[in-house]
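Student: Hello! Could we walk through this structure together?
Tutor: Gladly, let's look at it step by step.

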Amino acid sequence: MADTRSVIGTQNKKGQTFTDTWKMMNEAPRTPSFFTGSEVIKEALRRASCDVMIAYPITPQSEAAALIGELFAEGYIGDYFRGESEFAVMSQCAGAAFGGARVFTTTAGPGTMRAMENFPMWSGARLPIQMIVTCRGINSPLSIQPDTLEIAYLLNTGMLVWHAETAQDFFDWILKGYMVSEEPDVHLPLALCCDGFFVTHTKDVVNLTPADMCLPPYDPYRSPVPCMDMECPPVRMMRDPFVMKSNYISYATHASWQQEIWAAVERSRKHSIHWLDGLIDTENTDADIMIVASGTAVSQGREAIRLLEEEGVRCGLVKVKTLRPWPEEEIREATKNAKHIFVPEFNVTGWLAKEIKATIPNHERVHAGPHVCGGMTMPPEIIVNEIKTTLGLHKSFVMAGRGS
Amino acid sequence: MSDYRVLPGPEHFLPPAAASMGIRLPNPGEAHINGVIASEEKAYEEAAKQFLMAKVPTIFPGPLVLWAWNEKAAKKAAAIRQLYNTLKECVQPGQSPMLIPMPDYRPKYPKIDPEVEINPNHPNLTIWHNKIDCCMFVGVHCHQANLSLKIIRGGTSCYTIAMCAQAGHEDAMLSFRDASVEKIMKLADWVRKLKGTVQPRLTSAKSGASN
C-alpha cells in the first residue's frame, strides 16, 4: 500500500531533483565523460538515491568502494561504513534492507565466495539489495585478475544476475537495476557483474545523465514482505522456523517459499525486458556461425566477427545481458539458424556454454570455447582461430613462445 | 501464452508456482482469470459469480488493511466490511459468508485456531475446518499471499481470488491488481447486481475439505 504522494520533481538535500527514471535514462541529455569503470560506479551511485552502502576492501572492487565513501562525505549516501569481513558486510546489508533502506555494496572474487551464504538468504527474505561483482579469480593458485567463475556460483542463489559488457552498461544498469529489483512482484537482490580490471580499471567514454537528477527513493511499503521491526515478521517468524516441524504442511510451506523466489525471478523477466530493451542483443542472426557471449567476451567476439568478415566468413553475435532471468526463448530464437555456436568465456568451466546447451535444440552445435581463465586475456584472434579450426578452414595455430 | 491454467485443486502434492509455468501477471487495467489475461470488468463479474455460487464465500483480510496504520488502510478496511455486508445480503439461504482475518504472520502458540483465523503457513486448515469453497485475499503481503494461494491450490478445491494492491497474483484463480477502495466497492456493486441470478451450489457443494 504505497504512499500515493509523488516525490517526482521535488529536490533532495543535495539539490538533486527526483526524476521519473524512464525519463532520466531515456530522455535526459547525456554528457560524454572519460572515466574508469570504478568511477562510473561512483557516478551511478551519485544518482541512485541510495540509503546505505557497506564496504569491505578486496581487489578489484576496492576503488569503487572507496570512491563511494567520497560520495558519503559529500552527502549523497545516507550511511556508509566498513564491515568486519565480506560475510559481515552482506549480513549488514541484509539488516539495512530489512529495515527498508535502498542498499548497495560491492564485492569481488574470494570475498564473494566468503559471503555466499548470505545471497540465498537475501533472496529468500526478498531483499532488493544491489551488489556489484567485479569478477576476479577465486580458485587456487591465487589470482586477482578477471575470471568469471564466481558468476557460476551466483546463478543458483535466487538473485537476479546481470553481466555488463562495458562501463556504459554498468552506469545504466546500476540505475535500471534498482527499478527491476524493487518491483513488488520481483523484490529480489541483483548481482550486477562485470569482468574486473577490464571494466573497472580501464577508462572509457561513458555518457552520463545529469548529476542534478536522481532516482526516486525506495518505497519499502511496496515490499512483498513486511518491513522489519521487533514485532513484525520475518524476524519473529524466523524465531520459530516452520522447517523445524516435521509435517507435511511445514514442508509444503518451505517448498512453496522456495518456489516463490524462483517465481519472482520469472516475474523479473518483463521488467528486465522493459528496462534493458531485451534480455539479449543480436547481430546477423541469419548467419550459420554465431558467437554467444556475456561480459567483455562480447567485445572480443565482436572484434572476432570483424576479423572473420575480412576473410569472407560471416558470423553473428548474441550478447547475453541477463543470466537470471535466463533468456531461454530469446537465445533459442536467435540461434535457430546457426549450424555452429561458439561460446567464448573467461572461466575454466564454461558455465555459459552449459546453460546454452541446456536451452537449445541440437545442442551438439554448441562449441564451448575458447576459454581463458585466471585473468588471462582473450585476443579476438583465438576466437577466430577456434572458429576456423572447427570449420576446417585451417589447422590450429601454435601460440608464440610455448614450450621452448 | 502458456497452456497451464490456474484451477481449483487439489492439484498436486507440491504444485508448481504458476509463474514458473508461464503464467504472467496482468498489466495495469487488466486482471487474470485462471491465468488468462482478462479485462477488469470481466473479472469483477466472474469474482461476483464465484462468491454467489459458493457455499461458504470467505474474505481473508490481511495486515495491510487490518492494521489502521494509515488513512488509506482504514478506508480499505471499511470497504471490505461493506463488501462482506453486501455478500451477506445477496446470498441465498444455506450459504454462509465469512470474514476471517489474517492479522499476523507470526507462528501461533500452541497452535492456530483455524476456526477463527488464517495463517499463511497453513491456510488449508482454515479452508478445511470451515468448508470454504471460495475465498478472497485482500491486504496480505504479496509473498505471504502467494505461499497461501499455492498451498490452497495444492491441497484443497477452494476457488481463490486475490484483490492485490500491487501487481497481482498468478497463484490465485482470479486476480485483480492495484486494488483500491473503488475497486473493492465495484466488486460489491457486481455482487449486488448479480444477486438472484446465480445458482448456488448448495447440495452438491464441493467442500473445501477435499482430502
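Student: Where does C50(A) lie?
Tutor: First, a word on the source: this is a predicted model, in which local features need pLDDT of at least 70, side-chain atom pairs count only at pLDDT 80 or more, and totals for chains, interfaces and linings use all residues. Residues are numbered from 1 along each chain as its sequence is written, chains are lettered from A and ligands numbered from 1 in the order written, and side-chain values use heavy atoms, without hydrogens and water. Helices (H or I, at least four residues) and strands (E, at least two) are DSSP runs numbered from the N terminus. C50(A) is found in the loop between α2 (37–46) and β3 of chain A.

Student: Is C50(A) buried or exposed?
Tutor: Buried means under 20% relative accessible area, exposed over 50%, and partly exposed in between, using a 1.4 Å probe and protein chains only. C50(A) has 3% relative accessibility, so it counts as buried.

Student: What separates the C-alpha atoms of C50(A) and F104(A)?
Tutor: Along the chain, these residues are 54 residues apart. Their C-alpha atoms are separated by 7.0 Å.

Student: Which strands stand at the edges of the sheet?
Tutor: The open sheet has seven strands in the order β4-β3-β5-β6-β8-β7-β14 (chain A), with mixed pairing; two strands pair if DSSP finds at least two bridges between them. Each edge strand has a single partner, so one side is left without a neighbour in the sheet. The edge strands are β4 (79–82) and β14 (322–324) of chain A.

Student: Which residue is the bridge partner of W162(A) in β8(A)?
Tutor: Strands β7 (residues 160–163) and β8 (residues 190–195) of chain A pair in the parallel sense over four bridges. In β8(A), the partner of W162(A) is L192(A).
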